[in-house]
Amino acid sequence: MTTETTTGAAVPRVRDHRQLVEELAGLLQGRKQPGRPLVAGLTGMDTSGKSQLATALAAEFGRRGTSHQLVRIDDFHRPRAVRYRSDLPEAEAYYHHSIDFGRAAGELLRPVREEGRLSAELTLLDLPTDTYTLTRAYEVGPETIVLVEGVFLFRDEIRDLIDLFVYLDVAEDVVLARGRSRDVPSQGEEVMGKYHTKYLPAQRAYLAEHPPAAYAEVIVDNSDWSAPLVRVWPADKDADAVAARAEDGGR
């Protein structure tokens, strides 16, 4: 079942999160070109559901026997001393210095784009200990779908290395409600102050500079995780090609 956006593109009318995952998996499989990895960016504000969607998509590709590699941008955090620079407001430090997008681009995504494959093991920052003791292995071949999940993916350092963006849209009151439910039990009530002084102001600045409508081919209202609403989907002229490749197996 479909509905239509103001641009006239037919979009899936999904019943639940499970169907959204299936539709997205089919879209990505159809968009992928033979002999070349596809890189998809799953992004949105803090608590928008990026991690859950990426995990669900990876599981769906596993069920379908589709080669895939999950990349979590949170694994590329810089050390605490850089993330919490005393000379900058919290929001500015978070937006501009929290994540090492240059490393994610240089050691992962650019080799995937330029060489069509990657086999790498990186030592990354372990957030709880603030030490470089986290090891992640990345294996990408010509038939792999790479799922890059995280905040701020429209930034210049990384944007051109991603083939298709999925943006999860949620209102600020939803961000706060989810933040309270997720973070207060483990970090205490004081964590909510960070949403007002760090996370939300940083997202406002970022989205003012990088409006999702300018970059994302898929926009989903994910305010209700159990009943997502697809608002933007690739235009009809692309959908025919997507469907044709999907019928050929899309792997």
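**Exercise 1. Aromatic pairs**

Task: State how many aromatic pairs the structure holds, and find why the pair of Tyr-95 and Phe-152 counts as tilted.

Solution. The structure, a predicted model, holds 10 aromatic pairs. A pair of aromatic rings is described by two quantities, the distance of the centres and the angle of the planes. For Tyr-95 and Phe-152, the ring centres are 5.2 Å apart and the planes stand at 45°. Planes under 30 degrees apart would count as stacked and planes over 60 as edge-to-face, so with planes at 45° this pair is tilted.

Tyr-95 belongs to helix 4 (residues 90-97). Phe-152 sits in the loop between strand 7 (145-149) and helix 6 (156-159). The pair therefore ties together parts that are 57 residues apart in sequence.

**Exercise 2. Helix 4 against helix 8**

Task: Which residues make the contact between helix 4 and helix 8, and how do the residues divide by class?

Solution. Begin with the geometry. The axes of helix 4 and helix 8 are 8 Å apart, and the packing angle is about 50°. That makes helix 4 oblique to helix 8. Their crossing is right-handed.

Then list the residues. Helix 4 contributes Glu-90, Ala-91, Tyr-94 and Tyr-95. Helix 8 contributes Lys-194, Thr-197, Lys-198, Tyr-199, Pro-201, Ala-202, Ala-205, Tyr-206 and Glu-209. Sorted by class, the contact has eight nonpolar residues, one polar and four charged.

**Exercise 3. Helix 7 against helix 8**

Task: Why does helix 7 count as oblique to helix 8, and what is the handedness of the crossing?

Solution. Helix 7 (residues 172-187) and helix 8 (residues 191-209) have axes that come within 10 Å and cross at roughly 140°. Roughly antiparallel would need an angle over 145 degrees, so helix 7 is oblique to helix 8. The crossing is right-handed.

Among the residues of helix 7 in this contact are Val-175, Leu-176 and Arg-180. Those on the side of helix 8 include Met-192, Tyr-195 and Leu-200. By class, the contact of helix 7 with helix 8 has seven nonpolar, three polar and five charged residues.

**Exercise 4. A hairpin**

Task: How many bridges join strand 5 to strand 6, and how many residues lie between the strands?

Solution. Strand 5 (residues 118-126) and strand 6 (residues 131-140) run antiparallel and are joined by eight bridges. Leu-124 is partnered by Leu-134 in strand 6. The two strands form a hairpin with four residues between them. In the turn, Asp-130 has a positive phi of about 55°.

Asp-126 lies in strand 5. Leaving aside neighbours within four places in sequence, Asp-126 is in contact with Thr-131, Thr-133 and Leu-134.

How values were computed
Residues numbered from 1 in each chain as written. Predicted model: local features only at pLDDT ≥ 70, side-chain atom pairs only at ≥ 80, totals over all residues. Heavy atoms only, no water. Pairing = 2+ DSSP bridges. Axes fitted to C-alpha atoms, helices over the stretch in contact; angles between N-to-C directions. Parallel < 35°, antiparallel > 145°, perpendicular 65-115°, else oblique. Left-handed = near helix turned anticlockwise from the far one by under 90°. Contact = heavy atoms within 4.5 Å. Nonpolar A, V, L, I, M, F, W, Y, C, P; charged D, E, K, R; others polar. Phe/Tyr/Trp six-rings, centres within 6.5 Å; stacked < 30°, edge-to-face > 60°.
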